Amino acid sequence: MPVSYLPADDVRAAERATGELLTNGTLMRRASHGVARAVLALLRDRVGDVVGRSVGMVVGAGDNGGDALYAGAALARRGVAVSALLLAPDKAHASGLAAFRGARGRVVDTLPPSLDAVIDGIVGIGGHGPLRPDAAKVFESIDPLTPIVAVDLPSGVDADTGQVNHPAVRADLTVTFGVRRRAHLLAAPQCGRVELVDIGLAEDPEGTPVVSTPAARPRLYSLTDEEIADAWPVPGPHDDKYTQGVVGVIAGSHRYPGAGILCTGAAVTATSGMTRYVGSAHAEVVEHFPEVVAVPEFADAGRVQAWVVGPGAGTDDEAVDLMGKILATELPVLVDADGLTVLSEHPELVRGRDAPTLLTPHAGEFARLTGDEVGADRLGAVAGLAAHWGVTVLLKGRITLVAEPDGTVFGNDAGSSWAATAGAGDVLSGIAGALLAAGLPPLWAGACAARVHAHAAAVASGGAPIGASNLLGGLRPAIRELLG
C-alpha cells in the first residue's frame, strides 16, 4: 500500500483513539524510548561505544519537550552524558524533567561545546512559525558537523504544509511516532532520514491508522519502489508494439529541436511500445532516434493511444488550434511548457475534460495557470487546481506532487536537485506520456515518471552537475535498477 502522510489533526485523532494509552503517559514513554534507541544507534554508527559520549538537548515546553526529557533519561541510564537546555524552565514537562534529573541528567544554561549529537525537542506538530531568537542562537552555536535528531518534526517546520520558516532546525534524523506527518514528505530535505516508531496507535482492519480526514481535504501518499516496479509496463509473451502503447509527441521545432529530441527520446526509453513525432523537427528527431515515426503535419500523425503536447511547441494561433483538436479527442493527453501557456489563456479547452488529462507545471507555469503563486502550501495549491479544473496536475520540484481532482495526491522526494536543469521537464513529459499510452492512469503515470526521472538524474550525476541529455542517458539504467 502507498505510504500515507497525515495532517496534524489526524495524528491527534489517532492518538486520542488509543484512550488510556494516551492519558496515562504510555504513548509518551514509548515515543521517548524510540528516540533514545535511535540516538544510541546513531552514536554507535558514528563513534562506537556509547558510554561517556555527550548528547545535548534543546527542550521546549509541552509534550515534545517531555518526549525529549524522557529520552534523555533513558540515554543517561545507558551511560551517556546528557545535558538539557530548557528554553522555558517554568513550563518544562514536569514528570519528564523529574525522570531526567532522577537519571542524573544535567540541566544547563549553555550546551557543552563538544557534543556527539543534539536532540531538538522544542516543538512538535503544534508548532508554528520560525524558531524564537533564543532557540535560534543555540542552534547557530552548534558545530555544523554535529548530527541533529529532531523529535517528531524539526522545529520551525509547519507540520501540515511543510513550510520551512527561517530560522528552522535542519535535522539529520527525525524520529516520529505511529504515523508519518505531511511535513516528513513536503519538507523532506529539512527532516533528513525519517525513522517511524510504533507506539500502538489504533488501526482499522487494513492496518491504516484511524483518522478523520474529510474527503474534501488533500490526502497525501508516496509510492514504494516495489509499487512503481509492479506498475511499470513490461512486455508479455503476446504483446506487440501496439498493445504496449503508442504515444504521440508534439514538441520542439526545426529551429529549436532540443525539446522534441529529449521528449521523444524519453518516450522511446521509458516503454517498449511505439513513439510517433509530429512537428518541424521531424528530421532532427529521426536522426537521433531512427525508431521514431516522425512527420511534419498533424494530419499525417497516424493513430496514437496518448498525446504529449507543449514542450517548445509554440504559443501562436496555430498552436492554440492544434491544442483544441487534441483535447477534443477521447485520448489521454499530457500538456507541458508552451502548452500550459496556451491553456492559461484558453482554460476552456481543458477544464472538466472527461478523458485522462495530466498537466505538468513548474511553479512559474502554475502561477500563469491560476493567477496566483504556489505559496507555502504546495499541497493545497496543487490539489486546488486539480479540483477546480477537473484534471490531474503534476507540480514539479524537489518534492514533486501529483494531484487528482478528488484530493488524492502522490508525492515524490527526488532526493537531490540534480534534475533542476534546462530540458529535464521535457524528459519527464516523455516518460509520463509513454506511461499514459501504456494504460497507466494520470496519477500513477505522473508519480511513476517522477520517481524514475529523479533516479535517472542521480544515476547520471554521480554527485556532479548534469544536463538533460545526461539525464536521458541515465533513464535506461534507472529503469533496469527499478525493475531488478
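Predicted model: local features only at pLDDT ≥ 70, side-chain atom pairs only at ≥ 80, totals over all residues.

Student: What makes β11 and β14 a pair?

Tutor: Two strands pair if DSSP finds at least two bridges between them. Strands (E, at least two residues) and helices (H or I, at least four) are DSSP runs, numbered from the N terminus. Between β11 and β14 (residues 306–309) there are 4 bridges, so by that definition they pair. The two strands run parallel.

Student: Which strand does β14 join by 3 bridges?

Tutor: That is β15 (residues 333–335), parallel to β14. Leu 334 in β15 is the bridge partner of Val 308.

Student: How many bridges join β11 to β12?

Tutor: There are 5, and these strands run parallel. Ile 250 has Val 278 of β12 as its bridge partner. From β11 the chain passes through helix α10 (residues 258–270) to β12, in a right-handed β-α-β crossover.

Student: What makes a crossover right-handed?

Tutor: Point the strands away from the viewer. The path from the first strand over the helix to the second then runs clockwise.

Student: Why is β11 called largely enclosed?

Tutor: Buried means under 20% relative accessible area, exposed over 50%, partly exposed in between (1.4 Å probe, protein chains only). In β11 (residues 246–250), 5 of the 5 residues are buried, so the rest of the structure largely encloses this strand. Both faces are covered: Val 246, Gly 248 and Ile 250 on one side, Val 247 and Val 249 on the other.

Student: Which strands are the edges of the sheet of 12 strands?

Tutor: The order is β8-β1-β10-β19-β18-β17-β16-β15-β14-β11-β12-β13, an open sheet with mixed pairing. Its edges are β8 (180–181) and β13 (293–295), each pairing on one side only.

Student: What is the order in the sheet of 7 strands?

Tutor: This open sheet runs β4-β3-β2-β5-β6-β7-β9, and its pairing is parallel. Here β4 (106–108) and β9 (193–197) are the edge strands, each with pairing on one side only. Within this sheet, 5 bridges join β2 (residues 54–59) to β5 (residues 117–121). Val 55 stands opposite Ala 117 there.

Student: How do you know that Gly 124 is buried or exposed?

Tutor: Its relative accessible area is 13%, and the cut-off for buried is under 20%, so Gly 124 is buried. Gly 124 lies in the loop between β5 and α6 (133–140). Contact means heavy atoms within 4.5 Å. Leaving aside neighbours within four places in sequence, Gly 124 is in contact with Asn 64, Asp 152 and Leu 153.

Student: Why are α16 and α18 called roughly parallel?

Tutor: Helix α16 (residues 424–437) and helix α18 (residues 468–483) pack at about 30 degrees, with axes 8 Å apart. Axes are lines fitted to C-alpha atoms, for helices over the stretch in contact, and angles run from 0 to 180 degrees between N-to-C directions. Angles under 35 degrees count as roughly parallel, over 145 as roughly antiparallel, 65 to 115 as roughly perpendicular and the rest as oblique. The two helices are therefore roughly parallel. Ala 424, Val 427 and Ile 431 of α16 make the contact with Ala 468, Leu 471, Leu 472 and Leu 475 of α18.

Notes
Residues numbered from 1 in each chain as written. Heavy atoms only, no water.
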